[in-house]
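Let's walk through this one together, a question at a time. Have the sequence and the fold open as we go.

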Amino acid sequence: MNLNQIQNVYFIGIGGIGMSALARYFKNIGKQVSGYDKTPSMLTSELIESGIDIHFEDNIGLIPKDYYTENTLVIITPAVPKTHSEWNYFTERDYVVKKRAEVLGIITKDTFCFAVAGTHGKTTTSSILGHILYESGADVTAFVGGIVENYNSNLIGEGKTVTVVEADEFDRSFLHLHPNIACITSMDADHLDIYGTSDAIEASFVEFASKVEDKNKLFITKELPLEGVQCAINEEAVYKAFNVRIDNGSYVFDVQTPSEVITDLRFGLPGKHNLMNGLMAIAMAKTFGTPTDSIAKAIASFNGIRRRFSYQIKSENLVYIDDYAHHPTEINAVHQAVRELYPGRKVLAIFQPHLFSRTRDFADGFAESLSAFDEVFLMDIYPARELPMEGITSEWLLGKMTNSNKKIVAKEDLLAEIKASDAPIIVTIGAGDLGEMVPSIKKMLNETI
């Protein structure tokens, strides 16, 4: 498929974090872009402000009349049901209809492609790497699964020859990519609604790893059963972060590479998991040939990602952090970072489970992770693409938690319940629509300071 012959790009599910990055990309290169999404959001508002036409009703009458079969590419998200009338309209008329991952595969095939894979850490690692490459002057476009604070966008750069992409394991999407340099941050069980077993997930990652023929350009953590260049913190590895300390809320650390020791790198993202993400990005950039001083400056200036340990309020008496964590491992990482930064202070965690199947599959892990906080508000499960499952409820999950200071809180009661808590450290956690409430939570808390 030749993208140069395409004049129009139509998205079904344009408001998704990955889809919206593609929408920005196609608009940047001069295509006419429009699309549908189920509900308005901050992301769709930003796209509309940029000049992209979006509607929120599944109605074939709202498809632009000049989007003809021969000049239009249609991009769909896997979350869209096959009964969707606009999708059926396009397929019945033989439009070119592709999944987001297939389109990324087409874009990356003719570029030097960095692919960041892993069940956790993809967005942060790819954002740091994209920032390093962009700041060093590389001709890069990075497609990111989050809004990078430095750019207020999920697209970094407008380069034509180098790409950075998140290699998403959902629906085996990452097997469409053509990586030259890649990393795998983790291979934990997830998306069991798609894969069925953790062995099937691992096999898919092994297949992805095989796409990188030169194993000197595949970066892995030490615990992964793969051949590649190992990265570690305070352990022997080809790329090793060590002498780690905290100075004024930031990590300062040294990195051993195959050719040198880089000293006194400063990095503002909290948590050992983020330190590992940063190390992976450094290793890939170094292998690409990025100068050491450019890496050091970019690591120090990286401001993080919206909804990834994102500070909303940071005062002496009150701290409010928002995070996208939706897996027990990710919640543990948030907890570790909070305890490291604020030892001995009471922490309230507000968690919105994401997907009935994920809640079912990892209930014991969620219960254990959440119980580590001092106080927990548990919201109803956010269904996303799923229908309810009998017996899988937030009440059921709450019963598994060992923390006695816990309660179910409805969305409409959340602000009042937060206001009544005496916790000086508040964390909202989850991948559902809790993120849409962050501005109102922040506003309410600011009024109480």
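**Pocket, core and helices**

About 380 Å³ of space lies in the second largest pocket. This is a predicted model, where local features need pLDDT of at least 70, side-chain atom pairs count only at pLDDT 80 or more, and totals for chains, interfaces and linings use all residues. Residues are numbered from 1 along each chain as its sequence is written, and side-chain values use heavy atoms, with hydrogens and water left out.

Q: Which helix gives the largest share of the lining of the second largest pocket?
A: The lining has 15 residues, and among those closest to the pocket's centre are Ile106 and Ile107. The largest share, 3 residues, comes from helix H4 (residues 100-109).

Q: Which residues have the most contacts inside the largest nonpolar core?
A: A nonpolar core is a set of buried Ala, Val, Leu, Ile, Met, Phe, Trp, Tyr and Cys residues joined through side-chain atoms within 4.5 Å, and buried means under 20% relative accessible area with a 1.4 Å probe, protein chains only. Helix H8 (residues 272-288) gives the most to this core, with 9 residues. Inside the 43-residue core, the residues with the most contacts are Phe219 and Phe253.

Q: What span does H10 reach from its first C-alpha to its last?
A: The buried residues of H10 include Ile331, Val334 and Val338, and the buried residues of this helix pack against H8 and H12, among others. The expected span is 1.5 Å times one less than the number of residues. H10 has 14 residues, and its reach is close to the expected value, at 20 Å.

Conventions
Buried means under 20% relative accessible area, exposed over 50%, partly exposed in between (1.4 Å probe, protein chains only). Helices (H or I, at least four residues) and strands (E, at least two) are DSSP runs, numbered from the N terminus. Contact means heavy atoms within 4.5 Å. On a 1 Å grid over the protein atoms alone, a cavity is a set of points where a 1.4 Å probe fits but cannot get out, and a pocket is an open set with protein on both sides within 12 Å along at least five of seven lines; lining residues have an atom within 4 Å of a point. Grid points are joined across faces, edges and corners, and a volume is the space filled by probe spheres set on the points.
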